[in-house]
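Please read these notes with the model open beside you.

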Amino acid sequence: MTGAPRPLRISVFGAGSIGCYLGGRLAAAGAEVTLIGRERVGTEIRDHGLRLTDLHGSDIRVGARDIAFDTGAGSAATADLVVVSVKSAGTPEAGATLASAIGPGTVVVSAQNGLGNADTLRAALPEQVVLAAMVPFNVVHRGDGHFHQGSEGDLEIEQHPAVRAFAPVFDDAGLPLHAHEDFRSVQWAKLLLNLNNPVNALSGLPLREELSRRPFRRALALAQREALALLTARGIAVAKLTPLPPQWIPRLLTVPDGVFRVAGSRMLAIDPHARSSMWDDLEAGRRTEVDWISGEIVRLAEASGTAAPVNARLVALIREAEAGGNRQWSGDALLADLRSQRGPGKPAGKGQRS
């Protein structure tokens with residue numbers, strides 16, 4: 001008579017806000033989870049355990065004894081699944097580190113922002129199964145082991161037979177996986193939504209408050225329209241991740257505040273605690289991922305032989321903020337600054353104004 005099957009072994013490489021939240025939820029669902037990250041995070045977890053809350057009222061506790069923590073990748077050697085959640089700039093180092101730690105056939109999931117992280121990992125891990133995934137929601141670190149999901153959304157992942165082995169534990173954790181054959185279109189759709197990250201970081205406001213103010217939404221609409229024009233010109237497909245098609249979202253962003261308050265809440269639920277990860281990075285004095293968000297649009301423009309002045313300006317403003325520059329822009333000032341980048345007489349878009 002055989003015993004019960006052993007728990008799925010999962011290593012989360014990059015125990016930041018997203019990594020701790022995902023790892024904690026999976027551990028609460030019965031997976032054998034090891035978080036791999038900096039010692040300060042390990043100390044916090046050993047002192048407080050994990051508390052995982054969300055905007056729908058979930059409140060899950062994981063004791064310090066119920067989740068392992070390590071500062072090195074050696075513990076990933078026995079993992080069935082490795083979830084990589086490091087910042088994009090750390091992906092090459094993560095790939096090199098994991099290459100010396102995990103065996104052939106190990107499934108590695110890139111749960112990161114940007115478009116090319118899974119490709120970077122594949123180059124470093126040619127004998128492993130590397131899949132791209134997308135985390136659509138925001139997670140705020142509230143201290144003492146408390147990580148809060150402040151916006152809604154389900155995990156998206158690249159379609160592959162290997163997903164069947166670990167999808168059930170994600171379901172049990174309340175983190176259902178939605179698989180897509182054309183995953184690049186999903187990544188572009190997420191990136192369009194993430195173009196709000198620099199706008200939010202420069203506002204200094206919680207996400208819901210920032211999006212309640214029309215000038216900030218108009219600033220975001222400028223960045224999205226610029227990106228959508230480039231994507232359309234290159235024939236790049238963009239998935240529909242919200243009730244509205246991506247091409248309609250900039251128009252919604254520019255409606256009066258009262259209209260947006262109703263229509264926007266139907267499109268995406270955000271609670272008062274939600275902040276962008278870019279705001280969090282600035283607050284902590286870390287380098288942001290703006291090069292893998294607005295910078296992706298700038299590179300797409302360069303590859304097309306043109307320019308993306310609005311997104312290039314957002315990159316520049318975030319770089320200034322990283323160096324101690326203004327992080328408390330008013331919506332009117334930011335909108336005027338971004339509009340000025342387009343040059344005199346340059347239209348906002350066919351039949352529209354931003």
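1. Glu32 and Arg9 meet through their side chains in a salt bridge, with 3.7 Å from N to O. A salt bridge here is a side-chain nitrogen of Lys or Arg within 4 Å of a carboxyl oxygen of Asp or Glu. Glu32 sits in strand E2 and Arg9 in strand E1, 23 residues apart. Strands (E, at least two residues) and helices (H or I, at least four) are DSSP runs, numbered from the N terminus.

2. The model is predicted: local features need pLDDT of at least 70, side-chain atom pairs count only at pLDDT 80 or more, and totals for chains, interfaces and linings use all residues. Residues are numbered from 1 along each chain as its sequence is written, and side-chain values use heavy atoms, leaving out hydrogens and water.

3. Asp257 forms a salt bridge with Arg217, the closest N and O atoms being 2.9 Å apart. Asp257 belongs to helix H11 and Arg217 to helix H9, so the pair ties together parts 40 residues apart in sequence. Arg217 is buried at 0% relative accessibility, while Asp257, at 30%, is partly exposed. Buried means under 20% relative accessible area, exposed over 50%, and partly exposed in between (1.4 Å probe, protein chains only).

4. The largest nonpolar core has 71 residues. Such a core is a set of buried Ala, Val, Leu, Ile, Met, Phe, Trp, Tyr and Cys residues joined through side-chain atoms within 4.5 Å. Helix H9 gives the most to this core, with 10 residues. A second, separate core of 40 residues includes Leu22 and Phe166.
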